[in-house]
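Please read the points below with the coordinates open. They go from the whole chain down to single residues.

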Amino acid sequence: MSLIDARVRPNAQVYRNRSLIEVIDLAQLKTWRDNKCALGSKASSSCPTFEFSVPFLLDPTNPLRSSLDVSRDVAGALQYEWQRFQDKTRWAVSVDLNRSVSAATVFPLLPYATRPLGCTPILNSAGELAIAAAKVLAGNPEDITKKLATYQLSVPSGVTHKDFKLPSGLKFEMKADGVELPNYVYPRVPRSEYCAGREAPDLIPDSAYPLPGTVYMPSSSFYGISGPNYPMPAYFNWDEVRSRIRNTCNEAVKQYYREYQENVLKLLATKMPEAMHWNGYTNWSGNKSGIIFAPVAGLIPNITKVASVAQKAQLPQFATYLTAQTAASQLISNQSRSGGKLVQLEELKRWLEVGSLADASTQGAVNLFQTWQQLEPMLDKRPQTFFAHARYCTLQGCVNVPVPMLMPDTVVTPAGCTVSPANGGLGTMTFALPAAHFAWVAVPEGMPIPGLAGSPTLRAP
């Protein structure tokens with residue numbers, strides 16, 4: 001990162017009339033120098049372009065809105081899309097596991113009633129009441145909605161100068177950008193998002209267990225028999241269950257994951273149209289894709305955050321050093337150069353949280369919002385449950401009782417859904433699919449940008 005230019009005001013229409021940063025592709029610069037190219041020469045493979053402009057993020061509908069809030073909006077939408085994809089997939093499987101017409105004979109107790117006939121109009125009035133009751137019991141937590149993500153500065157290791165000594169009060173850290181997956185017993189997305197094709201229940205009683213009332217009566221009853229583990233079924237068709245999970249999971253991922261990717265790409269194209277695409281969002285190296293990034297600034301100065309970094313690093317002169325070439329800051333700079341401590345003061349800028357545009361220009365460091373794809377298994381600990389039917393009988397008669405049974409564990413990958421061969425399990429789903437990640441990083445002028453490899457594949461004109 002070579003320059004922060006904050007001399008112009010935001011303008012939604014004219015790219016060159018906006019605050020921006022300049023970044024240098026060092027590999028292209030080396031080629032340019034090795035071939036002894038002249039300034040102003042026409043770009044070619046032997047004399048490539050090596051310096052690029054990247055404007056600060058902007059909300060075209062509100063140019064005065066802070067670029068930090070625009071990035072938080074993008075990050076929040078990325079979290080929303082992944083939560084939505086996971087919840088839709090999980091509840092599609094859950095409904096298909098429990099959509100037999102025989103479910104209608106089961107007393108609508110929580111949490112069972114949130115699942116059977118969960119997509120059947122009119123018949124699911126009990127399920128709707130159950131979902132409402134479950135929300136109340138859980139403290140009325142919010143459903144999955146789009147909201148601003150929390151800004152957190154990441155300082156990845158491996159980006160600092162070899163002579164930099166990490167002060168004891170600071171640490172390298174990549175802040176988690178994942179999504180919360182609390183184990184609620186009801187869907188947090190509208191049923192319309194996973195109910196398409198599931199409106200009608202199976203008319204034949206469920207094939208995963210015998211007909212209701214055949215073998216589940218307790219041994220203490222006057223009539224009937226039970227299995228040795230009453231109220232668990234005496235017989236259970238695990239092959240049918242595994243097949244059902246696999247088929248629904250594959251169908252859901254084929255549809256929902258495609259929608260997830262399309263929504264993410266549309267979001268980035270709409271919200272970050274002039275961001276730098278470094279090595280391509282769909283070009284992969286190991287388990288990561290290339291990075292899309294853009295500079296951001298807030299509306300509030302970061303004076304208190306500067307003081308906090310100086311205090312943690314036990315370098316009180318850091319705050320003065322950041323001021324714009326005053327006599328005091330120049331003296332510190334000269335002393336640090338002669339004492340070999342300039343690297344220390346410059347590298348501390350990587351811990352500078354976002355401030356105003358004037359702060360970035362004065363302090364010589366800018367926050368970048370980065371997003372990329374990463375293949376990283378994400379365990380959804382919310383168990384998948386099948387509700388079998390037990391019959392509880394007394395001399396007065398028999399009633400159906402739902403018996404929860406945990407399902408085999410499932411792994412969701414680009415190649416398809418793999419269901420554990422074991423009977424039962426924790427009933428969890430592991431999503432081993434590329435997901436959009438994001439981070440905010442601080443980059444001092446003249447220093448490398450974290451995470452970049454290769455060269456730009458798309459940039460603002």
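The notes that follow concern a predicted model.

1. Overall content. The protein chain contains nine helices and 16 strands. Of its 461 residues, 48% are buried. Among contacts with a separation of 6 or more, 73% are between residues 24 or more positions apart.

2. Main core. The largest nonpolar core has 78 residues. Trp-82, Met-272, Phe-318, Met-407 and Trp-440 are the residues with the most contacts inside this core. Helix 2, residues 67-97, supplies the largest share of the core, at 14 residues. Nonpolar side chains tend to be buried together in soluble globular proteins.

3. Trp-82. Which residues does Trp-82 touch, not counting residues up to four places away in sequence? The partners are Val-179, Tyr-257, Tyr-260, Met-378, Phe-431, Leu-433, Pro-434 and Ala-435. Trp-82 is also one of the residues with the most contacts inside the largest nonpolar core.

4. Helix 2 against helix 4. Helix 4 spans residues 238-271, and its axis comes within 8 Å of the axis of helix 2. The two axes cross at roughly 165 degrees. An angle over 145 degrees counts as roughly antiparallel, and helix 2 and helix 4 are therefore roughly antiparallel to each other. The crossing of helix 2 past helix 4 is right-handed. The residues of this contact comprise 20 nonpolar, three polar and eight charged.

5. Arg-84. This residue lies in helix 2. Is Arg-84 buried or exposed? Arg-84 counts as buried because its relative accessibility is 16%, and the cut-off for buried is under 20%. Setting aside residues up to four places away in sequence, Arg-84 touches Ile-144, Val-189, Glu-193 and Asn-263.

6. Phe-164. Phe-164 sits in the loop between strand 4 (153-154) and helix 4. With 7% relative accessibility, Phe-164 counts as buried. Beyond its neighbours within four places in sequence, Phe-164 is in contact with Phe-172, Val-343, Gln-344, Glu-347, Leu-348 and Trp-351. For the pair Phe-164 and Val-343, the separation is 179 residues in sequence, while the C-alpha to C-alpha distance is 6.3 Å.

Notes: Residues are numbered from 1 along each chain as its sequence is written. This is a predicted model: local features need pLDDT of at least 70, side-chain atom pairs count only at pLDDT 80 or more; totals for chains, interfaces and linings use all residues. Side-chain values use heavy atoms; hydrogens and water are left out. A nonpolar core is a set of buried Ala, Val, Leu, Ile, Met, Phe, Trp, Tyr and Cys residues joined through side-chain atoms within 4.5 Å. Buried means under 20% relative accessible area, exposed over 50%, partly exposed in between (1.4 Å probe, protein chains only). Helices (H or I, at least four residues) and strands (E, at least two) are DSSP runs, numbered from the N terminus. Contact means heavy atoms within 4.5 Å. Axes are lines fitted to C-alpha atoms, for helices over the stretch in contact, and angles run from 0 to 180 degrees between N-to-C directions. Angles under 35 degrees count as roughly parallel, over 145 as roughly antiparallel, 65 to 115 as roughly perpendicular and the rest as oblique. A crossing is left-handed if the near helix is turned anticlockwise from the far one by less than a right angle, and right-handed if clockwise. Ala, Val, Leu, Ile, Met, Phe, Trp, Tyr, Cys and Pro count as nonpolar, Asp, Glu, Lys and Arg as charged, and the others, Gly among them, as polar.
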